[in-house]
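Visitor: I'm new to this one. Could you pick a single part and take me through it slowly?

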Amino acid sequence: MSNSEWNDAEANKLPETVNGLDQQKELPKDTKRKRVVVVGLGMVGVAFIEKLIKYDVKRREYDIIVIGEEPHLAYNRVGLTSFFQHRQVENLYLNPKEWYSSMPEGSLNYHLNTLVSEIIQGERVVKTSAGDTVPYDILVLATGSDAVLPRHTPGHDAKGVFVYRTIGDLEKLIEFADRRKGTTGAVVGGGLLGLEAAKAMMDLEDFGKVKLIERNRWVLSRQLDGDAGGMVVEQVRALGLEVLLSKRVGRILKDEENFVSGVIFEDGEEMECSCICFAIGIKARDELARKAGIKCADRGGGIVVSADLSTSVPGIYAIGECASWESQTFGLIAPGVEMADILAFNLTQAKAHTPRKFKRPDLSTKLKLLGVEVASFGDFFADRDGPRELPTKRHGGKKEGIIESRDRVKSLTDGPAPPPVKALTYKDPFQQVYKKYLFTLDGKYLLGGMMIGDTKDYVKLVPMVKNQKPLEVPPGEFIIGASKGDDDADLDDDTQICSCHNVLKGDVVKAVKDGTCKSIGDVKSCTKAGTGCGGCMPLVQTIFNKTMASMGQEVKNHLCPHFDYSRADLFNIIYVKKFKDFAEIMKECGKDPQSTGCEACKPVIGSIISSLFNKHLLDESRRGLQDTNDRFLANIQRNGTFSVIPRVAGGEITPEKLIIIGTVAKKYNLYTKITGGQRIDMFGARKQDLVNIWTELIEGGMESGHGYAKSLRTVKSCVGTTWCRFGIGDSVGMAVRLEERYKSIRAPHKIKGGVSGCVRECAEAQNKDFGLIATEKGFNVFVGGNGGAKPRHSELLAKDVPPDDVIPILDRYLSFYIRTADKLQRTARWVENLPGGINYLREVILEDKLGICADLEKQMEELVGSYFCEWTEVIKNPARRALFQQFANTSENINDTIEPIEERGQQRPSYWPKDSVTEDFRGTKWSSLAWQPIVRAELFKDTPTGDSQAVKRGDTQLAVFKVRGKYYCTQQMCPHKRAFVLSDGLIGDDREKNKLWVSCPYHKRNYELGGENAGKCGNDDQVNIATFPVEEREDGWVYIKLPPVEELDSVLGTEKWKVKKDESADPFGDLDKKLKAITMKGRKSLQVSHLESGKGEKATAAMILAGGERGAGGLDW
């Protein structure tokens, strides 16, 4: 096993990290630091040092002094056998000498060949055998263990008796073997260390024979059962190792010069040998602690530690083989490294996270011994000894395999019941393969097992045991594999893919195959798929791509017909060349330098510019790029009003902010609802009220929640350790920090996050674009999940990430997503489409495969540093405030284009009618038309993206557009849903075909503005709009040629097309009748009190607002 496998994954990168932080002047200077003294520079000691420095490198709270007894730096004790081949101790070093000196100045000092002889508790110092005194604030004992030498065995002190533990032991063995060539060497002990020692003696090639002596009936008796152990014996014998089983050494024979000459076993049999190496166990080195009065275990030895690795003396900790936890010491390296990690974590990260505790370690082992692959995992002796622990069923059920009381009574007469375990065994004597997997009685949980010969499944089986999740496949598949099913998972042609317009998969396939549709835009026009809510578009795109590919056609991922680039390509061009406005981008990158663009490319370019430079969306050069939501910094709703969503970071809100929100909602008659992202949404805000509403909210200490943007929406959280008794991580604190960091950052699509304080996952972090779940070691980071039309569970990006390291990982991930994702692509589809998926993403984000991690972090840091509240900047700027007037030519307003309904104490708009308006507005025959001065020309800006205004004449609303110096006028209402919103739509063009259109912001119906097809809808032939001649005159006014007011209103008047509540049926009518018939006792109406004297919702709120809560004189603060 290579040395690097025992390093902390980031240990080798620490010198680069330190150097980078130093160059960027980010290394903390002059911090008040505590001194940590580590006694022991073995594998566990250096693991603690690595992890403490890793966690502390950006904090600099500690300086470390490590004192090692051996003359060598920390080396790979597990790989000792290789020393016999290369004889270079430096080849075993876990870190080169330069690693130690590359740490921040003063943070790490070491002393070699130095024995600590005494701990003086009262003075907080340790003394060395050389007489030096070293003070400490925190003392960590990592003194390890000694190999056991059976001093009760006669002849144990003979020359030629060795143990197999240190470099020094090996050097003595090598020197001795060189003088005893051709003789027989013996190893006592058939465990892991014994087999390693036997291999080492064989590799020396000095001994004529090497024999292994084991007291049990098979080797590796602590890891394997008789069948598995017997198979190992067969294999190692075939390799030339003579194995003696069921043998115990009674006495060591020696000659006159005190050299070993042989052994006599307890059964009287004698064996000749010149050398004996004992590998029969270890004993914890606790003598230093005992001498200092630190509590040690009487039986078995070891320094007694609690779950946080503290000893009986405050400020002193013990880790590794010298530590006794619950009367157990551990001879494997993995539990020691786990202890090191826990202690380092608690010293650095526990201020922001629940302190970690040491628990029963996983003793799973996978090794190659004498060329034989051997593995055991989980509770591998559960069938022999009974399971140590059984999985608990969900929903509070009893544990699997628990014996009921009646069964216990029965066991008194019939004997004890067999362990509640079933074994699945496979044995192939020809290939020397053995597998035994242990399951609960119902086969739902894997408990453990062992493998010989074929151990490739080890890495996937160990997590199954650790996680204790129900198995998704029958146990038999673990041995024989899954049966091959039908790999054709494609949808049938009669599968509905667009519910808005009842479009089938076959409709799209047919339209593509017959040549009708050659682009995704053609598909939308021909089939209407994706022109409703738009939620089906990813699936429509996939079907289109696959169909084109099946025909041998190239599927181009271009942004739109105006650009021969994908979104990612365009992002990189803008990033490198620092383009900041649309005209420049169209000139340098577009197919037509003079084009106005369209509803597809404009928002994407606007998003890219925001993602890179974070300028205000409503500035003149950028406003024409924004969809309606971004144009008015609010989500447009069915009735033309908007929603208002203040930021509530992590879902945490004060009573004062609740009062402010309630007051604003009451004042402006807003419908309020708690969102899925744990904030409060206020619906029904009129465009002309938005500035006043946000002024009151921002004066109250709130800010934009960016509910309207393709940006970070929320980071949802459970209460975690803030309140919950099950929490192990501060999920609220982490969620607030993440939301505050990434708020306002524009991306290809909206981003949602979540942080759960434990595995109960109350924040649903595993269906978010990024999600964190607290573990004992930090947080598991999940990415690429989402709900929506095609839900996707997120995938694990990084495991057990310390709180300090969460931000760099998410910075890289989000920056990489912003750079490389396609237009309107959620992270779920993005991860799926990456070459190599999540594995490739791990290589880029965690391993810096592309060498861009520093640049990704820098990009995010610059973006975060440019934050401003968009609504605050609107309120402070008169020009931006003016954009929120309903009509450009009057201060009069028209409200409620959809009739409101009172429901559960609040108002909401009536349901939309099922059918569109199919009246031929375009072909209306007016009695007469006359030029009318309607709006000042100065209100229109000459921008490359075009400009527009809504105007009012009588009861009719009109939309006026100015594009490349020319004016156009249409009705304001889109007939598809009778929405008065066309002036807010994006303008698009196709200059080759001399087409110019406006795209309705609701469902992207595209209406031509000029030419012979003016008023025609390009992607829905059922609807059209009226258009009118318009021109600017020298007096500074824009004139529109209109019919008389009464005639205009009779065709286009707002009141005529107002949606009435009686135009649609109540979808809950029949259900409510059923519910009313079975109303149960104890139910109350929604707004009254359960208390007889209670005033109910409205009366109590009215009293509070009036300054008197139940006569108490107002709120008692």
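Guide: Let's take a close look at the salt bridges. Keep in mind that this is a predicted model. A search of the whole structure turns up 64 salt bridges. Take Glu776 and Lys359: their closest N and O atoms are 2.1 Å apart. This pair links distant parts of the chain, 417 residues apart. Glu776 sits in the loop between strand 34 (770–775) and strand 35 (778–783), while Lys359 is in the loop between helix 9 (333–348) and strand 21 (365–369). Glu776 has a relative accessibility of 27%, so it counts as partly exposed.

Now hop over to Asp454, which forms a salt bridge with Lys435, with 3.2 Å between the closest N and O atoms. Asp454 lies in the loop between strand 25 (446–452) and helix 12 (458–467), and Lys435 is in strand 24 (residues 433–440), so this bridge ties together parts 19 residues apart in sequence. Lys435 is buried because its relative accessible area is 7%, and the cut-off for buried is under 20%.

Next up is Arg1005, paired with Asp1020, and here the closest N and O atoms are 2.8 Å apart. Arg1005 lies in the loop between strand 46 (995–999) and strand 47 (1006–1008), with Asp1020 in the loop between strand 47 and strand 48 (1027–1028), so the pair ties together parts that are 15 residues apart in sequence. Both Arg1005 and Asp1020 are buried.

Salt bridges can also join up into a network: Arg59, Glu61, Lys351 and Asp804 are linked that way.

Conventions:
Residues numbered from 1 in each chain as written. Predicted model: local features only at pLDDT ≥ 70, side-chain atom pairs only at ≥ 80, totals over all residues. Heavy atoms only, no water. Salt bridge = Lys/Arg side-chain N within 4 Å of Asp/Glu carboxyl O. Helix = DSSP H or I, 4+ residues; strand = E, 2+ residues; numbered from the N terminus. Buried < 20%, exposed > 50% of the residue type's maximum accessible area, 1.4 Å probe, protein only.
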